[in-house]
Amino acid sequence: MAQPDTKKFFENLSGAGKSIAVLTSGGDAQGMNAAVRAVVRMGIYVGAKVYFIHEGYQGMVDGGDNIEEASWESVSSMLQVGGTVIGSARCKEFRCHEGRLKAAHHLVQRGITNLCVIGGDGSLTGANLFREEWSGLLEELIQQGTIDEEAAQTHSELHIVGMVGSIDNDFCGTDMTIGTDSALHRIIEVVDAIMTTAQSHQRTFVLEVMGRHCGYLALVSALACGADWVLIPEMPPGDGWEDQMCQKLSESRSRGSRLNIIIVAEGAIDRHGNAITSNVVKDLVVKCLGFDTRVTILGHVQRGGTPSAFDRILASRMGVEAVLALLEASPTTPACVVSLCGNQAVRLPLMECVQMTQEVQKAMDEKKFEEAVRLRGRSFENNLNTYKLLSYRKADSELPNSTFNVAVLNVGAPAAGMNAAVRSAVRVGITEGHKMFAVNDGFEGFYKGQIKEIKWGDVGGWTGQGGSILGTKRTLPAKHTEKIAEQMRIHNINALLVIGGFEAFECLLQLYEARASHQEFCIPMCMLPATISNNVPGTDLSIGADTSLNAIVETCDRIKQSASGTKRRVFIIETMGGYCGYLASVGGLAAGADAVYIYEEPFDIRDLQSNVEHLTEKMKTSIQRGLVLRNENCNENFTTDFIYQLYSEEGRGVFDCRKNVLGHMQQGGAPSPFDRNFGTKIAAKAIQWISRKLKESYKEGKVFTNSEDTACLLGMRRRAMVFQPVVQLRDETDFVHRIPKEQWWLKLRPLMKILAKYKTSYDVSDSGQLEHVTRIRPKESDTSAI
């Protein structure tokens, strides 16, 4: 559906006179509370009454105190709490007609005709059935004399919007469900911890993760930790898998590895439908290879803990989108699910998604496994293909015969996930038949000749390492083109993969310009964005930014907790990012900040004054703490010290202040699951592109290409992964401040302000339009970087 030309602002969408109820149902998932908070605050903001329904459908059936009006303060401090604060329960009664009749009565009693359901496919199917039966249920209630005609008339329409909260990511039509990223965090934390002990004792570990019918968690965690073998229900191993697995494990040991990791989804089966349990796998390894083998079953640990930054942002965006969808709903619109496709909010008909989800199970029951993988969606399929590419080393005789040499290097500041990208590039390159070369210390190492061949085994265990193992420098190539060209001749480099931030973008531009004087640079060159600042043009996301956001959010959580003890305290926190306000703004949204100062949105002393007044008002409520984030370069005069002193003076007697500069902790740490996967997948895609361009530009025994489209940046744009010539991105860039001229995340700022109780204008012309699930996605649409 075409986007409207005119901007549409939600001020025109009033919730006055409407009542919205929010409930969480089915299995809990981290991030549900963030979704509840967003629904409550957005609902109150637009003038609607909002109700909690405690204990899921059970609370709706039982009524009474289970249905309680929510206030702005009642959702304070929920953002960082895992699980669901309003409770969830499996409800047998709601499955029968009698139960739904009681539920309808309790909603009508409170004037509720808008329902926001956060749960899995079962919960959403139940909600849809409830909506279909609504008019019939009201008829029955009139006949029983429980409600009168007028009440039935006033409440004749029930509108339903769903959000999928499920750690399994088993719902079709959505790239990511609320809770999946946090569950991956729990799994990866455990795997990283287990790897150190396995390394010490040369052990094999079999890890069982959740996923009765869906192998997403197993597959993605296997990708993110470089597991030796993975078993999932959608793709059972062929006959003879036992021998293949044992052979793979022993080969990996013979190449010098001291440990093996095998990940098993709890619903894993073989081709004949027999269960493959973690103990079966363990016994097999012990019997065939005699390795010291242990089993670890993660269980409910995966559902617990604090939600990740990704889940908080996803849930907050979806919660606001759900309220908009309810305000715009008409009697003819089908019940919808709000979700993300790539980086874009979408609305999908609820039943289309449910039917497609059920088709996956049907295909698995009928042993049509390829069909099941296809129905899971492009994201799942791509994860599977990438895993297959990276996990199994083909024999040299099986590799395609290529004479090309491809060099990989890191440029700029270190970013978590760079090593995962290098590992992926090296292994995919070897699989494509190329000789891979690693350059140490960026272009400085390049002109000094620090270049050596890198083999399959050299990058083992790299995915979980933070920083840059190859070493990275900010040196630009322009002054050293002669020496770099000479090194390219010496090593016969035919293609270049540069992984880095804004400097990497500048480097590629300089090398493109140098093609005129040095034909050594007339080769395919590709850049992958990797910087915590997320300030590279041509991409919505960069490798490393997610890990950094999690570090910021974790610290803000701790700081907020310390304030809850002392009361009436405001924290001023400075984040990194250069002139780019991404970390501050998105971190502020995920941490529940009251104000965020960034360079892209100029502010003056009056804004600072109104923020202080806003916090003074807040201190009169039960939420007696404040959180203010400031990007390091947002304003040269309004420094962190200045803002701290201003707030301290103006807040005297009402609140006291503390300041914190987060510094380089934002750059360190083990990469998050998102960054490991994003790095792994885009590096694999980049090497496949390089292979195609090498074939196209190989003429008369050498590689030569000087066209714009062979010096590209691979970025994620809304729903698609796109290769964009760096020359064309030049016009989209502010080189003085090292940021793109247009940045998508600025649209999230009004969201943050609304959730912090500021009146603001919010452009909803870009909010989700109702789409259909079966429609074929854009060709390159595997964007759920996870």
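Biologist: In which order do the strands of the open sheet with β18 and β21 stand?
Modeller: Start with the pairing rule: two strands pair if DSSP finds at least two bridges between them. Here four strands with parallel pairing make an open sheet, ordered β19-β20-β18-β21. This is a predicted model: local features need pLDDT of at least 70, side-chain atom pairs count only at pLDDT 80 or more, and totals for chains, interfaces and linings use all residues. Residues are numbered from 1 along each chain as its sequence is written, and side-chain values use heavy atoms, with hydrogens and water left out.

Biologist: Which are the edge strands?
Modeller: β19 (595–597) and β21 (656–661), each of which pairs on one side only. Strands are DSSP runs of E with at least two residues, helices are runs of H or I with at least four, and numbering goes from the N terminus. Ignoring direction, neighbouring strands of the sheet are turned by 20 degrees against each other on average.

Biologist: How many bridges link β18 and β20?
Modeller: Seven, in the parallel sense, between β18 (residues 569–575) and β20 (residues 625–631). Take one place as a landmark: isoleucine 573 is opposite leucine 629 in β20.

Biologist: What should I keep in mind about side chains along a strand?
Modeller: In a regular strand they alternate between the two faces of the sheet.

Biologist: Where does asparagine 635 sit?
Modeller: Asparagine 635 belongs to the loop between β20 and α21 (640–650). It touches Phe603 and Arg630, leaving aside residues up to four places away in sequence; contact means heavy atoms within 4.5 Å. Histidine 614 and asparagine 635 are 21 residues apart in sequence, and their C-alpha atoms are 21 Å apart in space.

Biologist: How do I read a helix pair?
Modeller: Two packed helices are described by the angle between their axes and the distance between the axes. α10 and α18 (residues 545–566) pack at about 85 degrees, with axes 8 Å apart. So α10 is roughly perpendicular to α18; angles of 65 to 115 degrees count as such, under 35 is roughly parallel, over 145 roughly antiparallel and the rest oblique.

Biologist: Which residues make that contact between α10 and α18?
Modeller: α10 gives Ala309, Phe310, Arg312 and Ile313, while α18 gives Asp546, Leu549, Asn550, Val553 and Asp557. By class there are five nonpolar, one polar and three charged residues. Ala, Val, Leu, Ile, Met, Phe, Trp, Tyr, Cys and Pro count as nonpolar, Asp, Glu, Lys and Arg as charged, and the others, Gly among them, as polar.

Biologist: At what angle do α3 and α4 cross?
Modeller: Roughly 80 degrees, with the axes of α3 (residues 97–109) and α4 (residues 121–143) coming within 9 Å. α3 is therefore roughly perpendicular to α4. The contact includes His97, Arg100 and Leu101 of α3, and Phe130, Glu133 and Trp134 of α4. Its classes are 11 nonpolar, two polar and three charged residues.

Biologist: What is the strand order of the open sheet with β6?
Modeller: β7-β8-β6-β9, four strands with parallel pairing. β7 (229–231) and β9 (293–297) are the edges, each pairing on one side only. From one strand to the next the twist averages 15 degrees. β7 and β8 (residues 260–265) share three parallel bridges, and valine 230 has isoleucine 263 in β8 as bridge partner.

Biologist: Which strands does α9 lie across?
Modeller: Helix α9 (residues 278–289) lies across β6, β7, β8 and β9, at about 170 degrees to β9. Helix α7 (residues 216–225) lies across β6 (204–209), β7 and β8, at about 165 degrees to β8.

Biologist: And an antiparallel pair: how many bridges join β24 to β25?
Modeller: Six, between β24 (residues 711–717) and β25 (residues 720–725). Leucine 713 faces glutamine 724 in β25. The two strands form a hairpin with two residues between them, and arginine 718 in the turn has a positive phi of about 50 degrees.

Key
Axes are lines fitted to C-alpha atoms, for helices over the stretch in contact, and angles run from 0 to 180 degrees between N-to-C directions.
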